[in-house]
2 protein chains.
Amino acid sequence: NKQDPIQCREENNTAAQDESVRVSGRITESSPMRLRMEQFIKEKQQEICKALEDIDGNKFRVDSWKRPEGGEGISCILQDGNVFEKAGVNISVVYGKLPPAAVAAMRENHKGLEATDEPLPFFAAGISLVVHPHNPMAPTVHLNYRYFEIENQDGTPRAWWFGGGSDLTPSYLFDEDAIHFHKTMKNACDKHDRRYYPDFKKWCDKYFYIKHRQETRGVGGIFFDDLEDKTPDELFSFIRSCANAFLPSYLPLIERRKDMSYTPDEKIFQQVRRGRYVEFNLVYDRGTQFGLNTPGARVESILMSLPLTSRWEYMHVPKLGSREERLMEVLRKPKAWV
Amino acid sequence: NKQDPIQCREENNTAAQDESVRVSGRITESSPMRLRMEQFIKEKQQEICKALEDIDGNKFRVDSWKRPEGGEGISCILQDGNVFEKAGVNISVVYGKLPPAAVAAMRENHKGLEATDEPLPFFAAGISLVVHPHNPMAPTVHLNYRYFEIENQDGTPRAWWFGGGSDLTPSYLFDEDAIHFHKTMKNACDKHDRRYYPDFKKWCDKYFYIKHRQETRGVGGIFFDDLEDKTPDELFSFIRSCANAFLPSYLPLIERRKDMSYTPDEKIFQQVRRGRYVEFNLVYDRGTQFGLNTPGARVESILMSLPLTSRWEYMHVPKLGSREERLMEVLRKPKAWV
């Protein structure tokens, strides 16, 4: 019985100010971070969709949507393509009001955020992506980067932070793929802070953990939230490095694996692993839970992360010494890949 | 971060007393309800498995398990059979201790249950069943009946109740099937209390509601919990009537539908509906959530309710005037079937 955290857009003055800048078409380095982030994720969405279309040979379906309570987005989905079973690349931009209870909950991770008696305006913008290939040798990948801001009633900033990450979920593990993916993310992180990759790698393994199965969702990557330990410009630069690392981290893997041969049993194992992906996303993922609990949210965009097909076999146990068993070992005990 | 509600079995004196009766083999109408319910659900499990095996031509796999923290059960699964994609019939019998916080939470629905400063012994026994047929014309069915008891430290009863129900989830709706299923359940209820069916039919529609989709999981049936409005003997008699009504409520439907012809598109729609079944069970079902949050619980038994295969299509919208659309209308606005 959570309260709707998002209220009428018309009450948010920042939204109106930003709209006038947007209409002028002049978003520069001195514009509010809201507009810079929005511009960046929209560009990224187009670039990534284009690159995935080139591999698949099919076009993304593009749906623009507005939520009456405030918020809009663009959902791009490529379903049942030549290479991809399902690929979704979403962006959303939301102006709204946060109830005092929601602000209070956020204070745990943002000591500088003062308590409030009345709802506060907020802004959130993010890009979110999940790619499930057909071929069981080709890994699933997920990415999400977001910017969040809370304003005072008069529109001055009260708190802001970045969050996000990217992680890889193979059904058949090729060490070289996991190493390439992690190395690419580490390089993106190292340019900004040498502590980021080790910290965010650990955070990723911890976050994408399917507790009831005692296994991680995949071989990880990076994950972080509530990031406010540098200036907004510095962190925006970090976020861009991460998002820019996506295509270099994933395209070589999909190119290598998309046409490999596989057996019917290997397809079945992929489907069982897809089932675990569904379990994580529906039972544990905070973004999914927040989305499903938000009245009027666009459910089809939230659940684009679910695979086209999946499978639950009773007591599926990989054979001793098999590739499937090796994967399970790595999922039960995450490895250091770089 | 829920606490483990189930503690060491050895501390539960009732368990030891019951075991001596069990070993004597003399369970009568004057035995504790714990043992009568256990005996009943074990008989039901065998009877139902036998009836489903006769239809399918394959045998159930039978797994007996014990949970080190206390509790045991028998899981019977028939997977990828001739008629059934997946059928699971589980029973479980648990003796344990409830922390004071768990007792406090239960007081909301049991005004007579006094608060406690120390853990209290409890007993729970239940039968749980889900059947997913291959043929999209044949409906999925679910059943669950359970008895719960809380004892004082000295073993005298402090509170007890029954819960359960049974509901039908067709992919292709045949009104006659829904009517037969509801009529059979209504007859079972009416023998005990004329208010039961109307009340529990409403409760069922309310409970099996997929909030984020704004639709029910299926065409309902009956659902009730915390039932303590008659004597234990009267309610046990009611529970038996309900459980005994299962085979008559479902067998005629599976017989009628299991060999019907269907198109690939109809199979796909069934798979999409299976996806919704997964959404309900993983996001909303209280039994599943409790199970997944119980350390050491047998996950494979809890998740036997999930279908063997399922599907998530982006923006699946049934054609105007189609059978698929008719089903969606009924799921959005539950009907009175009898």
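1. Basis of the note. The model is predicted: local features need pLDDT of at least 70, side-chain atom pairs count only at pLDDT 80 or more, and totals for chains, interfaces and linings use all residues. Residues are numbered from 1 along each chain as its sequence is written, chains are lettered from A and ligands numbered from 1 in the order in which they are written, and side-chain values use heavy atoms, with hydrogens and water left out.

2. Extent of the interface. Chain A contributes 31 residues to the contact and chain B contributes 32 residues, where contact means heavy atoms within 4.5 Å. About 3000 Å² is buried between chain A and chain B, and carbon and sulfur atoms give 55% of this area. Buried area is the accessible area (1.4 Å probe) that two parts lose on being put together, summed over both. In chain A, the residues that lose the most area to chain B are A:Glu300, A:Trp312 and A:Tyr314, together 28% of what that side buries.

3. Two salt bridges are found across the interface of chain A and chain B; the term denotes a side-chain nitrogen of Lys or Arg within 4 Å of a carboxyl oxygen of Asp or Glu. A:Glu300 and B:Arg213 form a salt bridge through their side chains, at 3.2 Å from N to O. There are also 15 residue pairs in polar contact across the interface of chain A and chain B, both residues being at pLDDT 80 or more. A polar contact is a pair of N or O atoms within 3.5 Å; within protein, one must be able to donate a hydrogen and the other to accept it, and residues adjacent in sequence count only if both atoms are side-chain atoms.

4. Elements on the side of chain A. Elements that each supply at least two residues of the side of chain A that touches chain B include strand S1 (61–66), helix H8 (264–284) and helix H10 (299–302) of chain A. Helices (H or I, at least four residues) and strands (E, at least two) are DSSP runs, numbered from the N terminus. H8(A) gives the largest share of that side, five residues.

5. Strand pairing between chains. S10(A) and strand S10 (residues 309–311) of chain B pair in the antiparallel sense over three bridges; two strands pair if DSSP finds at least two bridges between them. A:Thr309 faces B:Arg311 in S10(B).

6. The sheet of chain A. An open, antiparallel sheet of seven strands has the order S1-S2-S3-S4-S5-S6-S9 in chain A. S1 and strand S9 (220–227) of chain A are at the edges, each with a single partner strand, so one side of each has no neighbour in the sheet. Strand S5 (residues 140–151) and strand S6 (residues 157–169) of chain A pair in the antiparallel sense over 12 bridges, and A:Arg146 has A:Gly163 in S6(A) as its bridge partner.

7. The sheet of chain B. Chain B has seven strands in an open sheet, in the order S1-S2-S3-S4-S5-S6-S9, with antiparallel pairing. S1(B) and strand S2 (residues 72–79) of chain B pair in the antiparallel sense over six bridges, with B:Lys66 opposite B:Glu72 in S2(B). Five residues lie between S1(B) and S2(B) in a hairpin, and B:Gly70 in the turn has a positive phi of about 120°.
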